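Here is a short tour of one protein chain, written for someone who likes cut-offs spelled out. Have the structure open as you read.

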Amino acid sequence: MEPDPLKEIIREIHSIFKTAGLRLSIAESCTGGLISHLITSLPGASLFFDSSVVSYSTESKIKLLGIRSSLIKKYGAVSEETAIAMARGVRSKRATDFSLSITGNLGPEPMEGKKIGLVYMAVDWKAGTESRGMIYDGEREEIKLKAATGALHFLLEVVRVWV
């Protein structure tokens, strides 16, 4: 049987965070909790996974994560700036070592004049913040899974360098 690449990413995230004694928090918008679901699909996540905020609405991004409404008004909910603010907000509120955020447009229609499949993600930790924009194709559920997988892969890339 061929190894499942997504499971391998999740296993490695588990291993790195547990071995290093690090804690993770997540702020999800477009993936609606799927990233958190994937992290907790393997046993032992409670040893490093602190919390997840699904901030789907603009109001929840402002109230739960402390993002300035002026930032969202200027750049939009689907923006690199918002993804960075989400990652910083959740890490600050939960005092975790690393945080991951994701925001995007899964469709079925363009949002804020931005293309369907456009997703921004960010990883925040004490040394800084890295972000990435991606465009995924497919139907809504396909884009959602690709975005969640891409965000986990991005987290792993960053953590490998800094841990």
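## Ground rules

Let's begin with a term: a polar contact is a pair of N or O atoms within 3.5 Å; within protein, one atom must be able to donate a hydrogen and the other to accept it, and residues adjacent in sequence count only if both atoms are side-chain atoms. With that in hand, the side chains of D124 and T129 make a polar contact at 2.4 Å.

This is a predicted model, where local features need pLDDT of at least 70 and side-chain atom pairs count only at pLDDT 80 or more, while totals for chains, interfaces and linings use all residues. Residues are numbered from 1 along each chain as its sequence is written, and side-chain values use heavy atoms, with hydrogens and water left out.

## The overall picture

The protein chain has six helices and five strands, in the order α-β-α-β-α-α-α-β-β-β-α from the N terminus. Helices (H or I, at least four residues) and strands (E, at least two) are DSSP runs, numbered from the N terminus.

The radius of gyration of the protein chain is 15 Å, which agrees with the value near 15 Å for a compact globule of 163 residues. That radius is taken over C-alpha atoms, and the globule rule is 2.2 Å times the number of residues to the power 0.38. Along the principal axes, the C-alpha atoms fill a box of roughly 40 × 40 × 25 Å. Of the 163 residues, 49% count as buried; buried means under 20% relative accessible area, exposed over 50%, and partly exposed in between (1.4 Å probe, protein chains only).

Among contacts in the protein chain with a separation of 6 or more, 65% come from residues 24 or more positions apart. Contact here means heavy atoms within 4.5 Å.

S25 lies in strand β1 (residues 24–28) and is buried, with a relative accessible area of 0%. Its side chain makes a polar contact of 2.7 Å with the side chain of T96. Leaving aside neighbours within four places in sequence, S25 also touches residues including S51, V90 and S99.

S99 sits in strand β3 (residues 98–104) and is likewise buried, at 0% relative accessible area. The side chain of S99 reaches the backbone oxygen of A87 at 2.6 Å. Beyond its neighbours within four places in sequence, the contacts of S99 include L24, S25, A122 and D124.

D124 belongs to strand β4 (residues 118–125). Besides the contact with T129, a polar contact of 2.6 Å joins the side chains of D124 and R91. Apart from neighbours within four places in sequence, D124 is in contact with residues that include A87, D97 and S99.

## Backbone details worth a look

Most residues other than glycine have a negative phi, and most peptide bonds are trans. A cis peptide bond, however, joins G107 and P108, with omega about 20 degrees. P108 is placed in the loop between β3 and β4.

E112 is partly exposed, at 41% relative accessible area. A95, in the loop between α5 (80–94) and β3, has a positive phi of about 50 degrees, although A95 is not a glycine either. At 57% relative accessibility, A95 counts as exposed.
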